[in-house]
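Please go through the briefing below alongside the sequence and the model.

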Amino acid sequence: MTVTDRMDTEAVSARLWDAVREGDEYTAVDVVLSAVDAGLDAESALLDVIAPVQARVGVEWAANRISVAREHTATAINDRVVAALAHHASAPRRPRRGRVAVACVDGEWHALPARLLAETLRLRGWHVDFLGAQVPVPHLIEHLHRTGPDALALSSSIPTRLPTAHATITACQAAGVPVMVGGAAFGPDGRHADRLGADAWAPDARTAAGRLEEILVRPYVPPPVHEPVDDLPHLVDQEYTLVTRSAPRLVAAILAALEERFPAMANYSERQRQHTAEDIAHITEFLGVALYLDDSALFTRFISWTGDILAARGVPAHSVALGLDLLAEQLKDFPRAVRLLREGRAAVPTPR
């Protein structure tokens, strides 16, 4: 891409952002299709215009500058823009390459990144089955057996879905289908993709298209049938299983303790109490997946992010620290969990 091309896509992105921010679907579609009619290639429209706008939607939500409702509206508009682009006259009509299934891990509702990949692969001549968000493993396996794709591209944005992703990868490989993974859940460098046994990882759609070619250059030989503990030997200590099974009890116990040790809760509204319960549940979930992978960086990144999110909403960061302390008290007999919580406590943002 030349400097001029980049400036053009930035200008188009700015116009698309204005339309998306206003909830104007028709203008959003017109902005992108007009740019394509004027010479912008469809892949650049997907990855250099729509994708950055969607990323900005997430940033604006995190900074508390748009509500959840506006974030959902913006995402829906971007999805409609992608659909309109897929049916544009410039889109190829006849696949000339193999067949690829693109799906999100069960429990993963952020489907737009996978949709962008699916349309990029279609533009490059692949026959693509886009299965969308939250695909249960049995239904995914049935689809693979029925259609016989050359590969599966599996997407997840939420790290708490990684244990499910692990089971999905293993099951699909056992069905004789190589699995390429992508999305924020797998880490900025794809470290979790390797640990979970994926055949390939890609940080973005353009790289994914190239990796797909590499996967299929030779006949696929699936790995031997194995259990999660074969990939992640630390699971033998059962901390992940015991902590995740006791999550509802842990959340209830910490809420009760917070009532005693965090006097400000006495003045919380019912909505604030509900948000507090959700925050504790999320911390417990992320502790669980960090135990599954034995990865402290995953947990500390989440704690740091949570602190920033709460600060943007006027919630003091020390409430997060107190929650971690209370959770450590509940899990004092779980050494890996206590270590992760101690490292998470050190990652709580300090007041500015």
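**Sheet and overall build**

5 strands form an open sheet with parallel pairing, in the order E2-E1-E3-E4-E5. Its edge strands are E2 and strand E5 (200-201), each of which pairs on one side only. Two strands pair if DSSP finds at least two bridges between them; helices (H or I, at least four residues) and strands (E, at least two) are DSSP runs, numbered from the N terminus.

This is a predicted model, in which local features need pLDDT of at least 70 and side-chain atom pairs count only at pLDDT 80 or more, while totals for chains, interfaces and linings use all residues. Residues are numbered from 1 along each chain as its sequence is written, and side-chain values use heavy atoms, with hydrogens and water left out.

**Whole chain**

- The protein chain has 16 helices and 5 strands.
- Its C-alpha atoms fill a box of roughly 65 × 50 × 35 Å, taken along the principal axes.
- A compact globule of 352 residues would have a radius of gyration near 20 Å, and the protein chain has 22 Å, which agrees. The radius is taken over C-alpha atoms, and the globule rule is 2.2 Å times the number of residues to the power 0.38.
- Of the 352 residues of the protein chain, 47% count as buried. Buried means under 20% relative accessible area, exposed over 50%, and partly exposed in between (1.4 Å probe, protein chains only).
- Among contacts between residues at least 6 apart in sequence, 74% join residues at least 24 apart. Contact means heavy atoms within 4.5 Å.

- Strand E3 (residues 151-155) and strand E4 (residues 179-182) run parallel and are joined by 4 bridges.
- Ala153 stands opposite Met180 in E4, and Leu154 stands opposite Val181 in E4.
- Val179 and Val181 point one way from E4, Met180 and Gly182 point the other way, and all are buried.
- Helix H9 (residues 205-215) lies across strand E1 (99-105), E3, E4 and E5, and runs at about 160 degrees to E4. Axes are lines fitted to C-alpha atoms, for helices over the stretch in contact, and angles run from 0 to 180 degrees between N-to-C directions.

**Helix H12**

- Helix H12 (residues 247-261) has 15 residues, which at 1.5 Å a residue should span 21 Å; its end C-alpha atoms are 21 Å apart, which agrees. The expected span is 1.5 Å times one less than the number of residues.
- The buried residues of H12 are Ala247, Leu250, Val251, Ile254, Ala257 and Leu258. They cover an arc of only 135 degrees around the axis, so they sit on the same side of H12. The arc is that of the directions from the helix axis to the C-beta atoms.
- What covers these buried residues includes helix H11 (239-245), helix H13 (270-293) and helix H15 (318-330).
- Pro248 and Glu260 are exposed residues on the face of H12 turned away from its buried side.

**Positive phi**

- Most residues other than glycine have a negative phi.
- Asn64 has a phi near 65 degrees, a positive value in a residue other than glycine. Asn64 is placed in the loop between helix H3 (42-62) and helix H4 (68-86), and is partly exposed, with a relative accessible area of 39%.
- Gln134 has a phi near 50 degrees, again a positive value in a residue other than glycine. Gln134 lies in strand E2 (residues 127-135) and counts as partly exposed at 41% relative accessibility.

- His127 is found in strand E2 and is partly exposed, with a relative accessible area of 31%.
- His127 and Arg97 are 30 residues apart in sequence and 6.8 Å apart in space, C-alpha to C-alpha.
- Leaving aside neighbours within four places in sequence, His127 is in contact with Pro95, Gly98, Arg99 and Val100.
- Leu123 is placed in helix H5 (residues 112-123) and is partly exposed, with a relative accessible area of 25%.
- Leu123 and Arg94 are 29 residues apart along the chain, and their C-alpha atoms are separated by 10.0 Å.
- Not counting residues up to four places away in sequence, Leu123 touches Ala42, Glu43, Leu46, Ala91 and Pro92.
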